[in-house]
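Let's take a walk through this model together, one region at a time. Keep the structure open beside you as you read.

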Amino acid sequence: MNPYQFLRHTPGSNCGQCGYPACLAFAAAVTKAGVRADLCPHLQREGLPPELLGGADNAAPDALDRSSEERELALAAHLRGKMQGLNFLSLAPRLGADCSAEEPDMLRFTFLGRPVRLGTAGVFINGEPPDDPRDQILLYNYAASGGGRQPEGTWIGMESLPNSISKVRTLAVYCEERLAERFSGRAGRLTELCAALCATPAEQSVDVAFLVPALPRVPLLLLFWEAEPEDSFAAKVKILFDHHVLDFLDLESLVFAAERMADRLLELD
Ligand code: SF4
């Protein structure tokens, strides 16, 4: 298979998530240098020779983990490179960040209540580089979005965002179900911990509702319904997003932001 034949199996969106700046560069790397085709998460696998997919379906779990980590590290490096061309001074107000003339290559903002410094030199949360490349990817994606329409408080579920079918379950497993299970019967404790994330109470007809500022322009609306054992009703959590949220984060980073919110609440508990 040549690069152009392979290219037809990618969406051609040049999103960079494979760690290459363009689909054609990735196609060449796969067909000429043996790079694994499944580093592209948007690949149409039908019709591709199994050897190009690197035997992913039969690969050992640690091999898959490595592949995933390599992809994340490559993407973080790619996004960091994209910071070079940005004008942070003009970008800062669109992202709800701070940037000063004394330090024009650095944005400052908060991520789930923790201070972030992001610039061409890297990303730092609480003054430290994050261990998990997914944090870097999320934060660089936020900066690379360039900003967009401001949140308006029109809330929608993940299922209402475009192309989100596969993410609905991910959000449930990594965020909503974990929180519902941990705080079942403990609505008061959840209320206490939301305050630690600089969240503000929201007016919704549920047992607990908080507006959690994941990022300055990416609020998450956390809704919690307490368990009602007499009606066999388990505790439930639902996360809603502003209808313009994709102006600031892609779906994958958005789900990860919600996962990180759950991580923070569980850590604090
Ligand atoms: S991840 Fe896929 S769609 Fe995105 S640039 Fe790479 S090949 Fe193209």
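This is a predicted model: local features need pLDDT of at least 70, side-chain atom pairs count only at pLDDT 80 or more; totals for chains, interfaces and linings use all residues.

Two residues are taken to be in contact if their C-beta atoms, placed from the backbone, lie within 7 Å.

Helix H2 covers residues 23–33, and its buried residues include Cys23, Phe26, Ala27 and Val30. Look down the axis of H2 and you will find its buried residues within an arc of 105 degrees, so they line one face of the helix. Those buried residues pack against helix H1, residues 3–7. Just past the end of H2 comes Gly34, with a positive phi of about 75 degrees.

Now let's step back to see the overall layout. The chain is divided into domain 1 (3–59), domain 2 (83–144) and domain 3 (155–268). Taken over C-alpha atoms, the centres of domain 1 and domain 2 are 30 Å apart.

Our next stop is helix H4, residues 88–95, where Phe88, Ala92 and Leu95 are the buried residues. Viewed down the axis of H4, they fall within an arc of 80 degrees, so they line one face of this helix. Their cover includes strand E1 (98–100), strand E2 (103–111) and helix H5 (133–144). Ser90 and Pro93, on the other side of H4, are exposed. After H4 comes Gly96, and its phi is positive, near 70 degrees.

Further along, please find helix H6 (residues 165–183) and helix H8 (residues 251–268), whose axes come within 10 Å and cross at roughly 10 degrees. Angles under 35 degrees count as roughly parallel, and so H6 is roughly parallel to H8. On the H6 side, the contact includes Lys167, Leu171, Tyr174 and Arg178, while the H8 side includes Leu251, Val255, Glu259 and Leu265. By type, the residues of this contact divide into 11 nonpolar, 1 polar and 4 charged.

Finally, have a look at Leu161, in the loop between strand E5 (155–157) and H6. Is Leu161 buried, exposed or partly exposed? Leu161 has 17 other C-beta atoms within 10 Å, so it is partly exposed. Leaving aside residues up to four places away in sequence, Leu161 touches Ile156, Phe241, Leu246 and Leu251. The C-alpha atoms of Leu161 and Leu251 are separated by 8.4 Å, although these two residues are 90 residues apart along the chain.

Terms used: Residues are numbered from 1 along each chain as its sequence is written. A residue is buried if 20 or more other C-beta atoms lie within 10 Å of its own, exposed if 12 or fewer, and partly exposed in between; C-beta atoms are placed from the backbone. Helices (H or I, at least four residues) and strands (E, at least two) are DSSP runs, numbered from the N terminus. The arc is that of the directions from the helix axis to the C-beta atoms. Domain bounds come from an automatic or database domain assignment. Axes are lines fitted to C-alpha atoms, for helices over the stretch in contact, and angles run from 0 to 180 degrees between N-to-C directions. Angles under 35 degrees count as roughly parallel, over 145 as roughly antiparallel, 65 to 115 as roughly perpendicular and the rest as oblique. Ala, Val, Leu, Ile, Met, Phe, Trp, Tyr, Cys and Pro count as nonpolar, Asp, Glu, Lys and Arg as charged, and the others, Gly among them, as polar.
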